[in-house]
Every structure is written in structure tokens, then in C-alpha cells.
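Trainee: Could we go through some of the terms used for this structure and set each value against its definition?

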Amino acid sequence: MSSSPPLLEVQGLSRRFPGVLALDHVDFDVFPGEVHALVGENGAGKSTLINMLAGVIQPSGGTIKLDGQAVRFANPSSAQHAGISVIFQEFNLLPQLSVAENIFINREPKRGPIIDWPTMYRRASDVLDMLKIEIDPRAVVQSLSVAQQQLVEIARALSFKAKVIVMDEPTAALNDREVDRLLEIVRSLADGGVGVIYVSHRLAEVLTVADRISVLRDGRHVLTAARRELDEPKIVSAMVGRELLHVACPPRTPGELRLVVRDLSVEDYVKDVSFELHGGEVLGLAGLMGSGSTDVVEALFGLRSMQAAEIKLNGEALAIDGPRSAIRSSLGYVPEDRKRSGILPDLSVKHNISMGIVERLRQVVWVNEREDQKLAEQYQSRLNIRCRSVNQYISGLSGGNQQKVVLARALAGNSQVLLLAEPTRGVDVGAKAEIYHLIDELVAQGMAVLMQTSELPELIRLANRCLVFADGKPQGELAKDDLNQERVMALATRFDVKGKAA
Amino acid sequence: MSTLRRLWQTIWESYRVGLFVIAVAIVLTLLTPRFMQAENLMNVLTNASVTAIVGLGMTLAIASGNFDLSVGSIAAFAGSISMSLVPSIGIAGGVAAGLLTGAIVGLINGLIITELRVPAFIATLGMLTIVRGLTLIYTSGHDIYLYGQTGYKILSAGAMPLVLALVLAALLGFVVKYTRFGRHVLAVGSNSAAATRSGVRTSRVLWGVFAIVGTTAALSGMIISAQVLTANGRLATGLELSAIAVAVIGGTPLSGGKATMIGTLLGALLVSTINNGLNLLNVQIFFQELTTGVLLLIAVAFSIRRGYHPRALLRRQA
């Protein structure tokens with residue numbers, strides 16, 4: 001591996017956007033048969049680098065060499081034909097078409113003007129077999145799971161005879177077993193002589209699969225080293241430029257009783273949910289996908305039809321018939337999918353924050369812009385939201401900062417209870433640490449937090465006790481001392497005999 | 001250099017349509033002396049205003065992530081009802097009845113969309129033919145004339161259409177930018193699921209939006225009726241497409257979440273100026289049918305290319 005010349009070599013690559021140097025003289029290379037991981041916080045320059053390799057944007061300076069030859073990609077298809085395939089986080093699949101059609105889109109084998117279906121299916125299954133993927137090439141893509149769609153993307157990349165495959169956060173939406181499977185495939189791709197550039201936030205994976213690891217920070221290259229020389233803390237401190245402080249859950253001191261829920265059921269699936277939530281504590285709701293933990297949070301915010309023997313906030317009965325009444329009852333909510341149901345992409349940071357409480361800023365009929373601005377700036381500094389101005393579009397912010405804006409919106413209604421669903425999904429390490437820190441602060445000031453998360457380390461880091469769901473029912477409550485990954489998984493995989501195993 | 005370029009870019013992005021209008025006007029002035037005559041210019045402005053008024057309502061609908069195909073039918077229905085009532089309840093009463101008709105039909109559109117969960121495209125397409133049918137039934141297929149009630153012409157006479165368009169643009173522009181309702185409209189258009197989760201009652205917002213679109217359609221319809229003092233079931237056919245076109249040409253993206261009322265005014269002015277020019281240059285009337293469509297395609301092609309440009313992600317300022 002070290003004897004052969006690099007497949008891809010990037011030297012002094014820079015990219016300037018108006019007002020920002022997104023990438024600043026970065027060197028990077030990948031050898032045949034190697035998995036080279038690229039890590040860094042959002043905004044570190046990873047996407048800019050990938051987009052230049054993919055031909056989506058052009059460098060402002062520096063060179064890209066493929067097989068020793070300097071190359072310039074005017075557009076994505078020229079990069080693809082040169083042998084660089086990029087699998088973006090957002091899939092480029094056409095959901096209504098079959099697997100085979102997606103793999104060979106635009107390159108369908110033809111007999112005359114007519115698509116040669118048998119050949120296409122055969123060649124598709126050849127590619128899939130090579131990857132040991134068991135997917136029917138005739139299956140329609142939208143009927144596949146996210147993990148399977150990911151594999152179809154990989155098959156497509158491979159079918160281009162790619163020399164270099166770039167994967168951007170390939171495991172963001174996969175469960176543990178699917179991740180293992182994907183990592184095996186990544187490994188076998190490299191063993192077949194392909195150079196893989198693997199971009200991920202999940203350092204455990206990176207440390208499993210990568211031969212070498214490079215870290216970018218603020219558009220600059222800060223570190224490249226072989227895997228055996230690195231461990232998680234070293235990578236994290238290179239990424240954020242400082243050591244991350246306490247990884248243990250700080251002591252929580254539950255105060256007065258805030259929320260009481262008795263015999264809650266949601267849409268005939270979730271049943272028998274009862275709990276009490278005090279100010280100054282974080283109650284975790286854990287469970288595998290479909291276990292019902294998410295439904296509870298959504299129901300309490302008025303997004304699902306529910307029934308309960310009793311729901312009380314501060315001793316008073318609470319009637320919630322929709323998000324608006326939930327907000328008015330001082331419940332704040334952070335939805336699990338920021339992009340789909342969290343941000344208002346065409347609106348400014350300011351308007352995103354105040355959307356739920358605009359009427360409180362009203363002056364006669366119009367909105368008091370000065371109050372609005374003040375409120376937004378207050379949250380900007382309190383949550384350390386990094387943006388040029390609160391009048392900037394939210395879509396221009398990094399994922400972590402977008403998430404902070406969504407959190408600000410949840411707080412803006414003077415919330416007494418925060419309902420969090422996957423509070424740090426798709427957020428980079430640095431922003432994650434900040435959000436944890438923020439939640440700690442809020443809780444220390446007396447906030448009551450109900451948090452659903454599928455990330456066990458997050459659960460253990462934040463929650464001082466936890467309800468574990470499986471099959472629509474709480475299977476047990478774990479106090480802080482019993483809160484560890486094994487205990488949670490043991491409860492989360494406890495199914496009834498009919499067993500809806502994931 | 002780069003400051004100049006950025007300045008130019010800002011001007012271009014905000015006033016693109018306006019620059020086009022000026023360019024077309026200059027060309028027409030050079031080509032024919034009749035263009036710059038006061039009477040002709042008034043004509044251009046009046047025609048622009050009629051489309052602009054319904055276009056302004058449409059802009060709001062587009063900003064909410066929807067559009068309304070029934071505006072042409074609403075215009076005809078409201079025009080007919082208004083005119084037929086003038087002899088009995090007077091001009092002010094007739095105009096109020098017309099506006100109310102538009103608001104009610106619009107509200108029904110909104111209810112069909114939110115309560116029956118029919119997509120706006122289908123709902124308003126259905127209402128396009130239903131309301132057109134109702135108009136034909138109401139008028140028994142005949143023309144409604146207003147003999148001797150020339151006072152109704154107040155709606156179309158002189159600078160009235162222009163004044164109405166300007167006032168409406170200012171009003172809706174204010175609503176979008178400075179009121180809770182306006183913010184809610186943009187939120188629904190930007191991401192309906194996120195809007196709901198922010199506490200926006202999306203159904204109510206859409207009822208309001210469609211009621212407003214209906215009202216603006218009614219106003220346009222009554223102005224058109226007033227111009228000829230006639231209303232009938234065939235009035236304002238195809239108005240829905242002109243209304244969508246002027247909004248999009250003016251720079252309101254079909255993807256929702258954004259609105260520019262000034263853009264819509266300028267879009268209407270551009271279409272009307274070009275059509276007027278073709279008229280003055282004695283271009284066969286059939287060619288005029290082409291212009292709106294061609295402009296629409298150019299405008300959309302422009303906005304899409306802009307939308308996908310990576311630089312668009314770095315745009316500042318709300």
C-alpha cells in the first residue's frame with residue numbers, strides 16, 4: 001500500500017466563498033486499497049472538499065491529481081467518469097424506479113432504442129452479488145429500508161468502475177447491525193483495490209474501519225495519522241481544538257413536581273405510560289425504533305391523538321389539542337427530524353425563533369420588530385448560535401447551529417417542560433457537547449426535561465433516570481445507578497411472544 | 001471591483017424585473033412614437049393593474065406553498081353577482097357583494113384543502129369548473145348589462161385600477177412582512193410540518209390565504225366587468241395562468257416560503273408592456289398569446305438555476 005503511488009492526491013486545495021475561506025491549502029491523499037477517514041465538525045470544510053472532488057464546485061486554488069495526473073472537474077459527471085464516485089448523505093436515488101434502473105440510470109443497456117431489461121437486471125445482480133447484498137434488482141427503491149437504499153447507492157458507485165469512492169456520513173440513518181454490515185462492505189471495497197474516503201461524525205466507526213484518519217478544522221488540515229496512533233479523545237481534541245470537558249452526567253437535583261402523566265395511551269399502540277417529571281431533572285425515554293418512546297413525546301406536544309387518565313402540569317389538569325395549545329401551556333418541543341419538521345428553511349434565524357410566540361411581540365396589528373430582534377439576539381448569545389446575524393437565513397447555518405435555533409424556539413415560549421426528541425441527531429461533536437452543556441445549564445436552573453433518544457451514550461450522559469420502551473409499553477424504569485447500555489438494551493429488546501423484532 | 005460586482009448583483013437580484021421593464025420601454029420608445037403617449041401609457045398601466053391585483057393574491061398563495069387555479073372563475077362569478085345586484089342595492093352594495101362572493105368561494109377552497117385534505121391543485125381545479133358552471137347557471141348563459149349605471153365605471157375609470165393595485169400591494173406587502181399572519185403564511189410555505197410544530201395553525205392560515213386570493217380575484221373580475229359594463233360566464237378565462245405567471249415572473253419562487261409583492265407588480269407591468277408593444281408594432285394578435293408563456297419559462301428557468309447555485313446557500317439577509 002505505501003509502496004504504490006497515491007490514487008488521489010490533493011495539494012494545497014483552497015476554496016473561497018464570498019467572505020469565507022471554506023478550505024485553506026489542504027493536502028490529502030488516498031492510496032489504492034485504503035480507507036482514509038475524514039473527520040471534522042460541521043463547517044470544518046469536509047463538504048467543501050468532497051464537493052470539489054465530486055466536481056460540484058471548483059477549487060479557487062491548488063491541485064487534484066488522480067493517478068498522478070492533474071485533473072479539473074467541470075461538473076459531477078466528469079468526476080464520475082474519471083473514476084471518483086461520491087455517495088452523498090442525501091441520496092440521489094429515484095424512489096419510484098427499481099434498483100436496477102437506479103444503478104444504471106442514464107446508462108441503461110440497450111438493444112437499439114429499447115432498454116434491454118434482462119441484461120440490466122443481470123448486470124445489476126452481478127454488482128449486488130459482488131457486494132454480497134441481498135436485494136432484488138427489480139424491487140422499487142422506495143420499498144427498501146434506508147440501509148438498503150444506501151447499499152444501492154454503493155452498488156451504483158461501484159458500477160461506474162470507481163477508483164475512489166467518497167462516502168459522506170453513510171451511517172447517519174442506520175442502526176447498529178446495519179452499520180456493521182456497511183463497514184464490512186467498505187472494508188471489502190478497499191480490499192478490492194478501491195480507495196475509500198470515509199466521512200463520518202461517528203468516531204467509533206472511523207476507528208474501526210479506517211486505515212488512516214485526517215482531521216479538518218476551520219478549513220485547515222490539522223492532523224493525519226494511522227489508526228493505531230489515534231484514539232477517540234485524541235481525535236476529538238484535534239477536531240474541536242480543546243479537550244471536551246466532563247463526559248459523565250452531572251448530579252441532578254430534582255425539585256418540585258412539574259408534570260404528571262397517568263395511563264397515557266397513543267393511537268391504539270402505546271399503552272400504560274405513567275410517569276412523574278420534576279423540575280431540575282432529565283427523564284430519558286429509550287427504546288428501539290417503533291418502541292413507542294417517540295410517540296409519547298409527540299403525543300404530549302399534541303401531535304398525536306392520545307388518551308390519558310390524568311395529565312397535570314404544576315398540579316393543574318392539562319388539556320392539549322395541538323402544538324399551539326401545548327406551547328401556550330408552556331411545553332417546548334424539539335422534533336426529531338430537524339430538516340423535515342424542525343427548521344423553516346426560507347426564514348431567518350430570528351423568525352425561526354419567534355414563530356411560535358409572534359403574538360406576544362405584537363404591537364397593535366404588526367409585530368414589534370425591535371422586540372423580535374432583541375429576543376433573537378438574546379437567544380443567540382445564550383445558546384451561542386453562530387451566525388453572521390439573526391437576520392440570516394437559517395439554511396445557511398451548520399446543522400448544530402440550526403439545532404440550537406430549534407432549541408431556542410422551544411425555549412422562547414417560557415417553557416417549563418422541554419420535550420426533546422433526538423436532540424443531537426446529525427449534529428457534530430462540538431455542537432453536541434455544547435447542546436449537552438446547555439441542557440445541563442437549563443436543568444440546573446430548574447427546567448424539567450423529557451428526552452427521547454436512540455443514542456445510548458447520550459441517554460447516559462444526560463438522563464438521571466430513564467423509562468425503557470419496547471412494543472408500545474414501558475418495560476421498566478432505570479435509576480441513574482442502573483443506567484448503563486446493557487440494562488437499557490435488555491429492557492428494550494424485551495418483546496411479547498408475537499415479537500416485533502427490529 | 002468586487003464591491004461593484006456585489007452591488008450590481010444586489011440590484012440585479014432585487015430589481016431584475018424592473019430593469020427588464022425599463023429596457024423594453026426604451027426599445028419601444030425608439031421603435032414607435034405612440035408608446036410614450038400618455039393615453040397609451042395609461043392603457044399599459046391599467047392592463048397591468050388588473051392582472052396585478054389577482055396576481056398579488058396569488059403571490060400570497062404561492063408563498064404559502066399553494067396556488068389557486070379557480071381565480072378566473074371567481075372573477076367571472078363575482079363580476080356577474082356584483083353587476084346583477086347593482087340595480088337593487090346600489091353600486092357600493094354591489095361591489096361589497098362581489099368582494100364577499102370572492103372571499104366566500106376562496107374560503108371554500110381553503111376548507112376543501114384543509115378539511116377534505118384535497119391537494120390545492122385538484123381542489124382549485126375542481127372549483128375552476130364548478131364556479132364557472134355556477135356563473136353560467138346564474139347568468140343563464142346571457143350577458144348582464146348595466147344600463148345607465150355608469151357609476152360602476154368608477155372601478156375601472158382613470159387611475160383607479162392602478163391605485164387599487166398599488167394600495168393592495170402595499171397592504172399585502174405589509175401583511176407578509178410585519179404581521180403574525182404573514183409570518184405564518186411564509187412558515188407554512190417554507191415547511192408545513194415545522195410550522196405546525198412551531199405552533200402555527202396551518203389550516204386557519206390557509207383559510208385566510210384562500211379567502212384573500214378569492215377577494216383579489218373578485219376585485220379583478222369586477223374591474224374587468226366595469227371596463228365594458230358587462231359581465232358573463234365567459235369573463236376572465238385563463239386569468240389563473242396570468243396571475244401565477246406575473247407572480248413567478250416577479251420573482252416569487254413556486255417552492256413557497258417567500259413572496260415579493262413589488263415583484264408581482266413589476267411582473268404584471270412587464271407582461272402588459274410587452275403585449276402593448278406587440279400591439280403597437282402591429283404584430284398579429286395571436287403572437288401575444290405566446291409572450292406570457294415565454295416570459296414565464298424564462299423567469300422560472302432563471303429562478304431554478306439560481307436556487308441550485310451553491311452560492312445561493314450563502315445568501316444573507318431575510
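Mentor: In helix α8 of chain A (residues 232–240), the buried residues are I235(A), V236(A), S237(A), A238(A), M239(A) and V240(A), where a helix is a DSSP run of H or I of at least four residues, strands being E runs of at least two, numbered from the N terminus. The model is predicted, so that local features need pLDDT of at least 70 and side-chain atom pairs pLDDT 80 or more, while totals for chains, interfaces and linings use all residues. Residues are numbered from 1 along each chain as its sequence is written, chains are lettered from A in the order in which they are written, and side-chain values use heavy atoms, without hydrogens and water.

Trainee: What do the buried residues of α8(A) pack against?

Mentor: Taking contact as heavy atoms within 4.5 Å, they pack against β3, α7, β11, β12 and α15 of chain A.

Trainee: What makes E369(A) and R183(B) a salt bridge?

Mentor: The N to O distance is 3.0 Å, and the definition asks for a side-chain nitrogen of Lys or Arg within 4 Å of a carboxyl oxygen of Asp or Glu, so the pair qualifies. Across the interface of chain A and chain B the rule finds four salt bridges.

Trainee: How many residues does each chain give to the contact?

Mentor: Chain A gives 38 residues and chain B gives 31.

Key. Buried < 20%, exposed > 50% of the residue type's maximum accessible area, 1.4 Å probe, protein only.
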